Amino acid sequence: MDDDLISSLTRQVKQEVVENYLLERRLIELQIDHVEELAGAARKQAQAVGLRLARISTLMIEPGMRGRLDEILGVNLTCFWTSCLEGKYRGQVRFIRARGLTKNSKFRKVVLEAYSRLHSWMARYEKMYGRIAEECKAVNTNIETFQRNFDLLCILNFLKGLDTQGIERKKILGENFTAREMGALDQNLYINPVSVEKIDVPPPLHLPAPDSVRGKLCMLADEIFVRYPEKVRKILM
């Protein structure tokens with residue numbers, strides 16, 4: 001067989017491999033885009049949960065009582081949730097209306113309701129976080145399969161042998177690589193795994209059920225009222 005024909009056929013096969021590679025790569029990139037969209041929604045949800053955390057933190061009046069609350073809930077706050085403690089929540093969440101024969105009993109009900117709402121919002125966020133973690137796992141499985149199915153070294157050598165300014169590159173690669181990117185193809189061909197940490201989604205707090213800490217929260221609310229009655233009255237106004 002003529003050497004030119006062999007060379008042409010070899011080139012056509014390589015071109016087809018590259019085209020398949022780019023198609024499969026684009027599908028994975030779309031999956032990663034979807035995960036990043038979910039991450040954006042999750043970050044907004046985390047901010048909303050943070051407002052509920054800020055509200056119950058404000059009800060604790062001072063840092064010492066906030067520390068007591070952390071002990072009751074058994075949580076270790078990460079940087080994100082810690083930053084929410086001092087956030088402003090008024091005007092951004094619904095006002096808690098509670099009735100009671102005394103200011104003390106009213107404050108107790110407000111604390112219990114504030115925690116119940118925080119727990120409910122955190123539970124919904126935890127489900128969203130879990131879904132994103134599963135999506136990341138699925139995408140990473142696809143990335144591993146994709147990179148195992150293609151000989152990246154062969155593709156790399158083929159692409160670097162093309163005229164980056166010619167029509168042929170545009171025909172084969174479309175706009176997937178710019179001229180600058182062609183100079184660093186060995187880096188561009190590798191797809192990094194995704195994770196909730198890399199896409200900056202804060203892990204949820206695993207809060208105890210409201211009924212399981214009701215008694216301790218009531219005792220804490222009573223102590224706060226005894227120590228800071230005037231500040232509590234201002235909160236309830």
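## An all-helix chain: core, cavity and selected residues

Ser57 is found in helix H1. Helices here are DSSP runs of H or I with at least four residues, strands are runs of E with at least two, and both are numbered from the N terminus. At 2% relative accessibility, Ser57 counts as buried. Buried means under 20% relative accessible area, exposed means over 50%, and partly exposed lies in between, with a 1.4 Å probe and protein chains only. Leaving aside neighbours within four places in sequence, Ser57 is in contact with Arg66 and Leu85. Contact means heavy atoms within 4.5 Å.

This is a predicted model, in which local features need pLDDT of at least 70, side-chain atom pairs count only at pLDDT 80 or more, and totals for chains, interfaces and linings use all residues. Residues are numbered from 1 along each chain as its sequence is written, and side-chain values use heavy atoms, with hydrogens and water left out.

### Overall make-up

The chain has 10 helices and 0 strands. From the N terminus on, the elements run α-α-α-α-α-α-α-α-α-α. Of the 237 residues, 40% count as buried. Take the contacts between residues at least 6 apart in sequence: 85% of them join residues at least 24 apart.

### The nonpolar core

The largest nonpolar core has 57 residues. Such a core is a set of buried Ala, Val, Leu, Ile, Met, Phe, Trp, Tyr and Cys residues joined through side-chain atoms within 4.5 Å. Met60, Trp81, Phe107, Tyr125 and Ile224 have the most contacts inside this core. Six helices each supply at least two of its residues: H1 (3-59), H2 (63-73), H3 (79-85), H4 (103-149), H9 (210-227) and H10 (229-236). H4 gives the largest share, 15 residues.

Ile224 shows how such a residue is surrounded. Neighbours within four places in sequence aside, Ile224 is in contact with Leu59, Met60, Ile61, Met65, Phe107, Pro229 and Val232.

### The cavity

The structure holds 1 cavity of 30 Å³ or more. A cavity is a set of points, on a 1 Å grid over the protein atoms alone, where a 1.4 Å probe fits but cannot get out; lining residues have an atom within 4 Å of a point. About 80 Å³ of space lies in the largest cavity. That volume is the space filled by probe spheres set on the points, which are joined across faces, edges and corners.

The lining consists of Leu53, Ser57, Arg66, Leu69, Asp70, Leu73, Val75, Leu77, Leu85, Leu118, Leu205 and Leu207. H1 and H2 are the elements that give two or more residues to this lining. H2 provides the largest share, 4 residues. By class, the lining residues divide into 9 nonpolar, 1 polar and 2 charged. In this scheme Ala, Val, Leu, Ile, Met, Phe, Trp, Tyr, Cys and Pro are nonpolar, Asp, Glu, Lys and Arg are charged, and the others, Gly among them, are polar. Ser57 and its contact partners Arg66 and Leu85 are among the lining residues.

Gln45 is placed in helix H1. Its relative accessibility of 17% counts as buried. Beyond neighbours within four places in sequence, Gln45 is in contact with Trp121, Arg124, Tyr125 and Met128. The C-alpha atoms of Gln45 and Tyr125 are separated by 6.6 Å, although the two are 80 residues apart along the chain.

Arg25 also lies in helix H1. Arg25 is buried, with a relative accessible area of 10%. Arg25 and Ile143 are 118 residues apart in sequence and 8.7 Å apart in space, C-alpha to C-alpha.

### Cysteines

How many disulfides are there? The count comes to 0, where a disulfide is a pair of cysteine sulfur atoms within 2.5 Å. Cys136 is buried, at 4% relative accessible area. Cys218 is buried too, at 14%.

Terms used
On a 1 Å grid over the protein atoms alone, a cavity is a set of points where a 1.4 Å probe fits but cannot get out, and a pocket is an open set with protein on both sides within 12 Å along at least five of seven lines; lining residues have an atom within 4 Å of a point.
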